[in-house]
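Please open the model in a viewer and keep the selection panel at hand. The tour moves from one selection to the next.

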Amino acid sequence: MALAIRTHEQSISPEQQALREEALRGFAARPKAMSPKFFYDHRGSQLFELICQQPEYYPTRTEETILRLAAQDIATLAGRNASLVELGSGASRKVRLLLEALRPTRYLGIDISREFLQVCTRRLAADYRWLEVHALCADFSQPFKLPAEALGQRPLAFFPGSSIGNFDPDQARAFLRNLHQALPAGSGLLIGVDLVKDRKVLERAYNDAAGVTALFNLNLLERIRNELDSDIDPRRFQHRAFYNEAESRIEMHLVSRQAQQVRIEDRVFDFAAGETLHTENSYKYTPSGFCGLADECGFAAVAMWRDPAQLFSVHFLRRE
């Protein structure tokens, strides 16, 4: 029996629409940079799942523990007959904890990677036969509209993994304001936020001994080579991640091992030896700093949970 998943399509895949434009813009920029949202093709999403299993990478297991302990409190705050909207769809244990505690009437998964979104939502629909499953392929870093039939009266948006940290402060404000506009008044927002901590802990998390994060970073170049007309060779680059204390962020870069030229379609870009392509920032917050940001964007702080080591926080906000 086929599983019924209601997919809400846009006319053009956001990833198809955006990758070429971003690569041409980013390689021409000074300094060179690309958005981390382009990490997440199917292979990139699989590699990120592997990163989450590495012993150095604390955010996933810490957030999961917080959610497990707080699940019933979250369900009480969300209320009965809620709908769950996951920004960055996945079939992870984290969303399953919420599904089992909340027993929502509907689930809407949103992701920029259509293939990964389809895999994840089909898996959830198979495992939770009582759940009405919706899928929306969209770039939620841009203004977006949520399908009304997937929301119900009491949606709870779920944005785990401290993905808010991938936005710089102005982008984070824009994202929260866009989400405020997309959600009806009274909606909840459950969001994971990584906290400021010791440099060594942070840098180990983004430089795991198994090299999975390095493969994840380099996969961005694999995407460009495979999906665009490009001669880029990922073997000529290496992964670098470090904590920028002044900006309170981890930075990830791809470093050119040598002086080289890279062609994308009919354009050629020069890399000096040691020049980098800046691929990701991961901003770290204090609890009060994040609550202040959320308040600026129309979300009231309702509850917050942290682990005993103060590594990570989960916030329940209410859309005013």
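Begin by selecting strand E2 and strand E12 (residues 276–283) in this predicted model: the two run parallel and are joined by 2 bridges. Within this pair, display Lys32, which stands opposite Leu277 in E12.

E2 and E12 belong to an open sheet of 4 strands, ordered E2-E12-E9-E8, with mixed pairing. At its edges lie strand E2 (32–33) and strand E8 (237–244), each of which pairs on one side only. Strands of a sheet pair through backbone hydrogen bonds, in either a parallel or an antiparallel sense.

Now move to strand E13 (residues 299–306) and E14, which are paired in the antiparallel sense over 7 bridges. Select Arg306 and then its bridge partner in E14, Ser313. This hairpin of E13 and E14 has 5 residues between the strands. Centre the view there on Gln310, which takes a positive phi near 60 degrees.

To display its lining, select Ala78, Ala82, Arg154, Pro155, Leu156, Gly186, Ser187, Gly188, Phe316 and Arg318. The elements that contribute two or more residues to this lining are strand E6 (155–159) and strand E14 (312–319). Coloured by residue class, the lining of the largest cavity divides into 5 nonpolar, 3 polar and 2 charged residues.

Terms used:
Residues are numbered from 1 along each chain as its sequence is written. This is a predicted model: local features need pLDDT of at least 70, side-chain atom pairs count only at pLDDT 80 or more; totals for chains, interfaces and linings use all residues. Side-chain values use heavy atoms; hydrogens and water are left out. Two strands pair if DSSP finds at least two bridges between them. On a 1 Å grid over the protein atoms alone, a cavity is a set of points where a 1.4 Å probe fits but cannot get out, and a pocket is an open set with protein on both sides within 12 Å along at least five of seven lines; lining residues have an atom within 4 Å of a point. Ala, Val, Leu, Ile, Met, Phe, Trp, Tyr, Cys and Pro count as nonpolar, Asp, Glu, Lys and Arg as charged, and the others, Gly among them, as polar.
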